[in-house]
Amino acid sequence: MSSPRFEAFLARLYADEAFRERFLAAPEAVAEAFGLAPDERAALAAIDLTGLELAARVFARKLEYKAEYKRRQGWRGRWRRRWRDWLARLRQLGNEGRAPRT
Amino acid sequence: MTLPLPDSLRDRVGLGWRAPLAADILANLDRIDAVEVIADDYFDAPARDRQALRWLGRQVPLALHGVSLGLASTAPADVVRLDHMARLVADVAPWLWSEHLAFVRGGGVEIGHLAAPPRTEATIEGAARNLARARAIVGSAPLVENISTIIEPPGSQMSEAAWLQGVLAATENGLLLDLHNLYANGCNFDFDPREVIAGLPLERVGYIHLAGGKWVQATRFPGRRLLDDHRHATPLPVFDLLEEVARRAPQPLVVILERDGDYPAFDELLAELDAARAALARGRAARLAETHVIAPI
């Protein structure tokens with residue numbers, strides 16, 4: 001139980017309202033279509049619905065706040081962020097290249 | 001006569017560094033023993049802001065606190081974010097750094113906040129792999145924080161206490177013990193936080209968080225949950241838990257109060273720090289009494 005796929009499902013369930021509504025209408029079908037294993041589907045059938053409602057509300061507010069922050073950043077901020085991420089990727093690629101091979 | 005303890009042996013109490021509190025923190029450093037800075041706020045910061053943090057760290061012990069690495073996951077942690085943390089740690093030279101035992105994204109979807117992973121052997125192993133990777137890239141191991149959750153993590157096969165003990169057993173990381181997170185989870189999922197504390201290797205606690213929260217009501221499904229929103233004063237039962245940790249833990253403790261909005265007058269925050277000091281003192285006195293039992297005549 002628990003895999004990157006299961007975590008990906010939970011991330012969508014928490015952050016994507018339309019996906020969450022589809023799941024609440026047909027949990028088994030949505031979980032199966034996502035390719036989850038039987039034990040993962042069984043876990044979702046017993047999901048804490050009160051917790052899901054409240055957690056989704058909190059996550060939506062945080063996502064809104066972050067989207068607003070990004071909008072306010074402007075093109076300079078976005079450019080700096082992309083440049084920074086690109087440099088970080090380059091450095092880590094360099095580090096992996098230097099790592100001893102086993 | 002009692003001599004004052006050397007700094008390395010005494011408990012310390014500090015505050016989360018936030019822009020609206022900065023001036024008051026600097027004006028009251030005689031009453032604030034440590035500060036904690038949200039690392040992610042400085043990933044994009046220009047060199048002068050990082051230098052300012054380095055300067056601050058020379059005035060008062062400074063911890064960098066990550067919120068977006070998502071280390072408690074079966075998926076590998078993002079090396080780009082780890083690289084940002086590594087650069088910041090190198091620039092600021094903090095006392096230590098910390099991150100949550102949470103997952104924050106999956107399959108390319110950002111959740112927006114800290115989510116509790118399914119409590120399973122697989123996520124313990126994933127967290128251990130990610131923590132080893134974090135240590136390798138950043139150059140030092142983070143303290144790991146227990147998180148609050150208002151949803152019982154789907155797919156969990158063990159209790160929060162067993163999962164936390166499992167992560168600590170699988171790694172050498174220290175623990176950032178958030179007592180309000182523990183208290184809130186205890187309220188929400190009906191367990192006694194004191195029992196969790198009793199089962200933890202408290203000698204691994206690097207520092208402690210205090211905070212407050214509020215009850216939130218569901219509308220579509222029945223029930224309510226205690227949300228750790230950092231916008232309210234620390235409730236009394238959390239100070240009792242701090243006293244309990246101070247009674248049990250052998251090492252000096254550092255306590256950080258987190259406040260993220262609805263800021264009260266700064267005197268109220270200082271009063272909360274004093275309440276934390278008092279709880280620590282009560283716990284230490286109880287510890288002393290227990291370890292110095294006088295033999296009957």
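Q: Which strands of chain B close into a barrel, and in what order?
A: As a general idea, strands of a sheet pair through backbone hydrogen bonds, either parallel or antiparallel. In this predicted model, 8 strands of chain B close into a barrel in the order β1-β2-β3-β4-β7-β8-β9-β12, and the pairing is parallel. From one strand to the next, the twist averages 30°.

Q: How many bridges join β1(B) to β2(B), and which residues are partners?
A: Strand β1 (residues 12–17) and strand β2 (residues 35–38) of chain B run parallel and are joined by 3 bridges. B:Trp17 has B:Val37 as its bridge partner in β2(B), while B:Gly16 stands opposite B:Glu36 in that strand. On the way from β1(B) to β2(B) lies helix α1 (residues 22–27) of chain B, and these three elements make a right-handed β-α-β unit.

Q: How does the pairing go on from β2(B) to β3(B)?
A: Here 4 bridges join β2(B) to strand β3 (residues 62–65) of chain B, and the two strands run parallel. B:Glu36 has B:Ala63 as its bridge partner in β3(B), and B:Glu36 is also the residue that B:Gly16 stands opposite. Together with helix α2 (residues 47–59) of chain B, β2(B) and β3(B) make a right-handed β-α-β unit.

Q: Which residues of β3(B) point one way, and which the other way?
A: In a regular strand the side chains alternate between the two faces of the sheet. In β3(B), B:Leu62 and B:Leu64 point one way, B:Ala63 and B:His65 point the other way, and all are buried. From β3(B) the chain crosses through helix α3 (residues 79–92) of chain B to β4(B), in a β-α-β crossover that is right-handed. The parallel strands β3(B) and β4 (residues 96–100) of chain B are joined by 3 bridges, and the partner of B:Leu64 in β4(B) is B:Trp97.

Q: Which members of the largest nonpolar core touch the most other members?
A: That core has 100 residues, and the ones touching the most other members are B:Ile208, B:Leu242, B:Val255 and B:Ala276. The element that gives the most to this core is α1(A), with 7 residues. Leaving aside residues up to four places away in sequence, B:Val255 touches B:Val13, B:Tyr207, B:Ile208, B:Leu210, B:Leu242, B:Ala276 and B:Leu280.

Q: Which strands does helix α9 of chain B lie across?
A: Helix α9 (residues 266–291) of chain B lies across β1, β9 (205–210) and β12 (254–257) of chain B, and runs at about 150° to β12(B).

Q: How many residues of chain A are in contact with chain B, and which elements of chain A give two or more of them?
A: The size of an interface is often given as the accessible area lost when the parts come together. Counted by residues here, 39 of chain A are in contact with 37 of chain B. On the chain A side, α1 (4–15), α4 (38–45) and α5 (49–98) each give two or more residues, and α5(A) gives the most, with 21 residues. By type, this side of chain A divides into 19 nonpolar, 6 polar and 14 charged residues.

Conventions
Residues numbered from 1 in each chain as written. Chains lettered and ligands numbered in written order. Predicted model: local features only at pLDDT ≥ 70, side-chain atom pairs only at ≥ 80, totals over all residues. Contact = placed C-beta atoms within 7 Å. Nonpolar A, V, L, I, M, F, W, Y, C, P; charged D, E, K, R; others polar. Pairing = 2+ DSSP bridges. Axes fitted to C-alpha atoms, helices over the stretch in contact; angles between N-to-C directions. Right-handed = clockwise from strand over helix to strand, strands pointing away. Core = buried A, V, L, I, M, F, W, Y, C linked by C-beta atoms within 7 Å. Buried ≥ 20, exposed ≤ 12 C-beta atoms within 10 Å, placed from the backbone.
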